[in-house]
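Reader: Hello! Could you take me on a close look at the inside of this protein, starting with its enclosed spaces and then moving on to what is packed around the interior?

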Amino acid sequence: MYRKSNTIFTRLAARIKNNRKCRQLMVAMIIFVSGMLTVQFSSSQPVKHHMPKADLPTRWTDTVMHTAVPWAEYPRPQLRRSEWQCLNGWWDYKGGKQISSAKAPDKPISFDLDNESIHVPFCPESVLSGIKRDQEVNMWYQRKFSLPADWKGKDLLLHFEGVLHKATVFINGQKVGMHEGGYESFTFNITSYLHKGENTITVAAYDTNDGTAPSGKNSPRGDYTFTSGIWQSVWLEPVSHIHIQNIRLTPSVQQKRLALQVTAKNGLNVLAVALKGDSIVATASGQANNLFYLNLLHPKTWSPDHPFLYDLKLKLVNQKGQVVDSVLSYFGMRDIRLGKVNGVIRPLLNGQFVFQMGLLDQGYWPDGILTPPSSEALQYDMEITKAAGFNLIRKHMKTESKRFYYLADKLGLLVWQDMPAIWYQDKDTAVNRSRFRKELKGLIDDHYNSPSIVAWVPFNENWGAFDVKQITDWVKNYDSTRLVNGNSGYNNNPSYQKAYGDPGNGDFVDTHLYGVPFKPVEPDSHRAASLGEFGGVGLFVPGHMWPVENNAYRYVATKTALTDDYIFSIEHIYQYMRYHGLSSAIYTQTTDVEHEVNGILTYDRAVKKMNLKRIRKINRWLINSSKDINPDNRSDSLR
């Protein structure tokens, strides 16, 4: 999808409209050209696609199935340029265990007229992909693309927002490079591989999904349908040969400034302008690759109740004073740290304790699996969370598109971001543990700039746990601006391994408790207390469940009973917040997920399983009550 207005065609259409002979000639030309286009693009952009039947459709399924370019929104909200081209849509596809290995190919396979078609960015296991098969392992993608004439002379970047798990990329038959890691974005400069006219991109994706790489619930032990291959947007971007490669934004409310680091060629200057609406509130300049600061005299803070975002303009200037690149971004001014409130260790948002009441959000969909059917669908879940009075999402065992974090920033939702678990950490440790560490760093780098993210969760319930104490310290040192929950639910453990347990460091002491009554852990001398998971209460909604045997930790029979059960739990949590130092709680979960029927929404998002007005009322009561704990609106900072 190329984003520019074609005014010449508007004028031509007006001329044709007023000329009868032109109209007749144009009709004949359209018939001729459409026939030619069908032949020319039949392999890469088929006209008709046989879509498999959805086991459980959502309200978005049918529309997205017939959308030529799904997920057409700009993929990177915090580093925006005006020109780009979306490569989502129908690609040629060959996949399966019997296909040539996609593990580390030196050249692409041949595509022919018998290729299947796949709907990128949906994985081949999903119905929205048009394939809907079990785990593929070897996946080959191909499509053609042409570049606008006014991109001539610019470098061309090819961006992948997510490919599981190993991707090898070819342009016009030449190998460009390889990337390993399914939950981080990556980019290749493909300028030297291009030629005039039409170009061909081929992607080999290899994913054994055997639990030796970070995969979270998307694994043999994860219990849900797999996601493999391309699962997030693919896009092109023209840039100057010298351009801004990355930005790193670190707010400090206490120091009333934003720290900036812009990655680009050494020796260039960067001009930064912060805006509040249309008004300039701060300017600064510095050198590329060095820290410099935007000072804000009266910073307006970001919080769930007031999610204010500043706009940010950045320009890269060469030694001659010429602007060689410019990007648009945004930032939120917020601090998150531990502090003592009435002698109790608690997390402080902008210096104040606010109880973090959240939902465990696994981000699975019956039609797209790990990929939401559309941005609208993704936003629906988040708006429901906000409308129900929650102020936090724990993004459990997966990452999302950058649009998710933009929406959390914009809507005002705190985010705890999990690292997808590795499952066999003791197998081939030199490779598998190193891979986990590398991908953890990539996850943090990818989403560092989002003010909504207030905590990293390296491990969950001892799944694949190793060196937890050391990794918790590493994350805290690598990103000292956020909290770290080293091993959420350390009291739980999979049966196949020895429990690592409580690492004793980080910012939270965190237990998972299902069942009633429950007794959450209390804070210790240096960590806040968290109930990292609770709830899990099931309600069957016939006609809106995944076609397998459905289950939950326990069950109720009606919507009213489920709502009452939740309210009782929150009243119980209030007691622990007020009198035993509890600072956060995560309810399981946002939606049903395949066999699990313990969501506040059904898996197809068609039925609200609780009375959300009552849920909002009790959540807001809990959160507002927590603010009253702050003495005279002041707290003593701990770190």
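**Inside the model**

Author: Happy to. By the rule used here, there are six cavities of 30 Å³ or more. Please keep in mind that this is a predicted model.

Let's begin with the largest cavity, which has a volume of about 160 Å³. Its lining is made up of 15 residues, and those that lie nearest its centre are Trp 71, Gln 232, Ser 233, Ser 401 and Lys 402. Sorted by class, the lining of the largest cavity has six nonpolar, four polar and five charged residues.

Next comes the second largest cavity, with about 70 Å³ of space. Among the residues that line the second largest cavity are Leu 249, Thr 250 and Pro 251, together with Phe 331, Gly 332 and Arg 334. The lining also includes Tyr 448, Asn 449, Ser 450 and Pro 451, as well as Thr 481 and Arg 482. Strand β13 (residues 246–252) gives the largest share of this lining, three residues. By class, the lining of the second largest cavity divides into five nonpolar, five polar and two charged residues.

From the cavities, let's turn to a strand. In β5 (residues 155–160), six of the six residues are buried, so the strand counts as mostly covered. In a regular strand, side chains alternate between the two faces of the sheet. For β5, Asp 155, Leu 157 and His 159 are on one side, while Leu 156, Leu 158 and Phe 160 are on the other, and all of these are buried. Both faces of β5 are therefore covered.

What does β5 pair with? One partner is strand β12 (residues 234–239), which runs antiparallel to β5 and is joined to it by six bridges. Within that pairing, Phe 160 stands opposite Val 234 of β12. Another partner is strand β9 (residues 186–189), which pairs with β5 in the antiparallel sense over four bridges. There, Leu 157 has Asn 189 of β9 as its bridge partner.

Now for the aromatic rings. The structure holds 31 aromatic pairs. One of them joins Phe 459 and Phe 466, whose centres are 5.9 Å apart and whose planes are at 80 degrees, an edge-to-face arrangement. Both Phe 459 and Phe 466 are buried.

Another pair is formed by Phe 518 and Phe 534: their ring centres are 5.9 Å apart and their planes are at 50 degrees, so this pair is tilted. Phe 518 lies in the loop between β30 (508–513) and β31 (528–535), whereas Phe 534 is in strand β31, so the pair ties together parts that are 16 residues apart in sequence. Why do both count as buried? The cut-off is under 20% relative accessible area; Phe 518 counts as buried because its relative accessibility is 6%, and Phe 534 because its value is 0%. Phe 518 and Phe 534 also belong to a cluster, where ring pairs link them with Phe 390, Tyr 566 and Tyr 587.

Finally, some rings have an arginine over the face. Arg 59 lies over the face of Tyr 380, at 4.5 Å from the ring centre. Arg 346 is placed over the face of Phe 353, at 4.4 Å from the ring centre.

Notes: Residues are numbered from 1 along each chain as its sequence is written. Side-chain values use heavy atoms; hydrogens and water are left out. Rings of Phe, Tyr and Trp (its six-membered ring) pair if their centres lie within 6.5 Å; planes under 30 degrees apart count as stacked, over 60 as edge-to-face and the rest as tilted. Buried means under 20% relative accessible area, exposed over 50%, partly exposed in between (1.4 Å probe, protein chains only). Helices (H or I, at least four residues) and strands (E, at least two) are DSSP runs, numbered from the N terminus. A charge sits over a ring if NZ of Lys or CZ of Arg is within 6 Å of the ring centre and within 35 degrees of the ring normal. On a 1 Å grid over the protein atoms alone, a cavity is a set of points where a 1.4 Å probe fits but cannot get out, and a pocket is an open set with protein on both sides within 12 Å along at least five of seven lines; lining residues have an atom within 4 Å of a point. Grid points are joined across faces, edges and corners, and a volume is the space filled by probe spheres set on the points. Ala, Val, Leu, Ile, Met, Phe, Trp, Tyr, Cys and Pro count as nonpolar, Asp, Glu, Lys and Arg as charged, and the others, Gly among them, as polar. Two strands pair if DSSP finds at least two bridges between them.
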